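Please keep the sequence and the structure in view while reading.

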Amino acid sequence: MTGLTDLYQEVILDHNRAPRNFGALPDANRSGIGHNPLCGDQLTLYVHVSEGGRIDSIAFQGKGCAISKASASLMTEAVKGKTVEEAEALFGRFHDLLAGPEGGPADPKALGKLAVFSGVREFPTRVKCATLAWHTLHSALAGGGKETTTE
Amino acid sequence: MSTPSSTTTATTATRAATAATATLDVARVRRDFPILATTARGKPLVYLDNANTTQKPEAVIRATDRFYREQNANIHRSSYVLSEVATAAYEGARERVRAFLNARSTREVVFTRGTTEAINLVASSFGSAFVKEGDEILITGMEHHSNIVPWQLLCARTGATLRVIPIDDRGALVLDDLHRLLTERTKLVSVVHLSNALGTLNPVRAIVSYARAKGVPVLVDAAQSVAHLAVDVQALDCDFLAFSGHKLYGPTGIGVLYGKESWLEKMPPYQGGGDMIASVTFEKTTYAELPHKFEAGTSNVAGGAALTAALDYVTALGLPAIAAHEKELLAYATARLAELPGLRIIGQAPEKASVVSFVLGDVHPHDVGTVLDTEGVAVRTGHHCAQPVMDRFGVPATVRASFGLYNTREEVDALVAGLRKVREVFG
């Protein structure tokens, strides 16, 4: 039972029920589409990056499992206001939390709320659910256009 | 149309007679499968993913072990006794499969890597000889991707068209459309016997006789069905039939294409290489006799030996007894699942076997699968390699519990208890 409560922490269930920054973003200047063909998860990410290279607004739409939806929701909160470089660095730390070397990232505190996903580590098949939004963000920031898939 | 169960029952009367007295002693049978005594995430393993692959009895594990310890050599090509032993094991497996399917001759039994390769073999070989632009291949709306994509590739190569018999809201074939879709342009019908995604049992005997009257050959994808009901190729009168060892309590990496000799004789080789030739010069190669013409390269000899053990095992228990047990279990599971609020069973055809596919409210199937996993319950979640079926029912994925000969009511109860836990977590 520990694995289960570690995975589906209240914060994750809450963001699954009521995802933040959910919807379209009419003034987006970056966007990306993420797809996990194995489970049918799909998400569209809208980002507005300022001239100074800062993510000043971000939103997403789509459907998926609790992990993928909560991850997208928490990601939008985490990267809003960050520079593109900071967002990419955060993705690196988030990835380490889920699937990096044993022991996770060097500084888990730097992940803030995203640390609620630490339980995913015990369920390797679900890592893709948690990282779909981040891969899509990476692709959108890099110029995007192409669909990002987990496969 | 008659039901598949009535058509198969009549012709397997002899098998039924020997096994009818036996009901399955599930407690004893479970002891034959070492993996069933293991735990998953600290809980006793409840393995309900048999449509994906089945677990292996001791006899199959021992046959594999024994082959490599005592019988291993390459086959059909050496002068020493060990090679004769290995050849006898492999050709013995062919005869065992022939008897299992009631084929006329071992010339009609081609070993492949599995169902997928068997279907690709027909699409490639039959396709290159008999399918051209303007022709049509007819499949159904409940095919596994392995009975869709090979035909799409063939159609792309030749300019033929793929046609699809639709399924109704219960998950049964709309057979009236078979009559409309099977035309003089149809070169082959390829139909799944037992749907892996819905559990629907299709009336293949009736489909074959309708197609036969029009002179159109039929391939039966029996990947799921062979482990759950007695399959007799002469009674079905199908032209081709494909199955995999690993879904029948046998090893991975070996499967079977049954083909009527009259078709196999007319079909060109699938792959070229050793063992499929009679003689080779740079000017001209002549091919080996059936079935070796279709078996290029070194075969899965150990797989053959283990497949024999699997078929012996299943036959000794008796497919009618296995079918009766699983039918009872499916009915029990269907009734228990109906108790859960918000649970919707996908696939409620009148004729079903061994598979129950469902969604639970708006909880994503992957989340359901993960919660069940923490309870030691192994089910498949996803599209089951049948995305058109998911689209047909408007779901991205389902949870699928699929039963085998060793499953019990207590395991169904564990599934239901796990689903209640899903409700606790997700509300």
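Asn102(B) is partly exposed, with a relative accessible area of 28%, and in this predicted model the residue takes a positive phi of about 55° although it is not a glycine. Its place is the loop of chain B that runs between α5 (81-101) and β4 (109-112).

Ser354(B) also carries a positive phi, here of about 60°, without being a glycine. This serine is found in the loop between β13 (343-346) and β14 (355-360) of chain B, and because buried means under 20% relative accessible area, its 2% relative accessibility counts as buried.

The two residues are set side by side here.

| Residue | Phi | Relative accessible area |
|---|---|---|
| Asn102(B) | about 55° | 28% |
| Ser354(B) | about 60° | 2% |

A further backbone feature concerns a proline: the peptide bond that leads from Leu290(B) to Pro291(B) is cis, its omega lying near 0°. Pro291(B) belongs to the loop between β12 (285-287) and α12 (301-317) of chain B.

Turning to the chain as a whole, the secondary structure of chain B consists of 16 helices and 17 strands. Its radius of gyration is 22 Å, close to the 22 Å that the globule rule gives for 427 residues, so chain B is as compact as a globular protein of that length. The C-alpha trace spans about 70 × 55 × 40 Å along its principal axes, and 59% of the 427 residues are buried. Among the contacts of chain B with a separation of 6 or more, 73% are between residues 24 or more positions apart.

At its surface, chain B exposes about 16,300 Å², of which carbon and sulfur atoms supply 54%.

One helix can be followed in more detail. Helix α13 (residues 319-338) of chain B has 20 residues, and the distance from its first C-alpha to its last is 28 Å, close to the 28 Å expected at 1.5 Å a residue. Buried residues in α13(B) include Leu319(B), Ile322(B), His325(B), Glu326(B), Leu329(B), Leu330(B), Ala333(B), Arg336(B) and Leu337(B). An α-helix has 3.6 residues a turn, so residues three or four places apart point the same way. Ala321(B) and Tyr332(B) are buried in this helix as well.

Note on methods: Residues numbered from 1 in each chain as written. Chains lettered and ligands numbered in written order. Predicted model: local features only at pLDDT ≥ 70, side-chain atom pairs only at ≥ 80, totals over all residues. Heavy atoms only, no water. Helix = DSSP H or I, 4+ residues; strand = E, 2+ residues; numbered from the N terminus. Expected span 1.5 Å × (residues − 1). Buried < 20%, exposed > 50% of the residue type's maximum accessible area, 1.4 Å probe, protein only. Rg over C-alpha atoms; globule rule 2.2 N^0.38 Å. Contact = heavy atoms within 4.5 Å. Areas by Shrake-Rupley, 256 points an atom, 1.4 Å probe, with all protein chains shown as cover.
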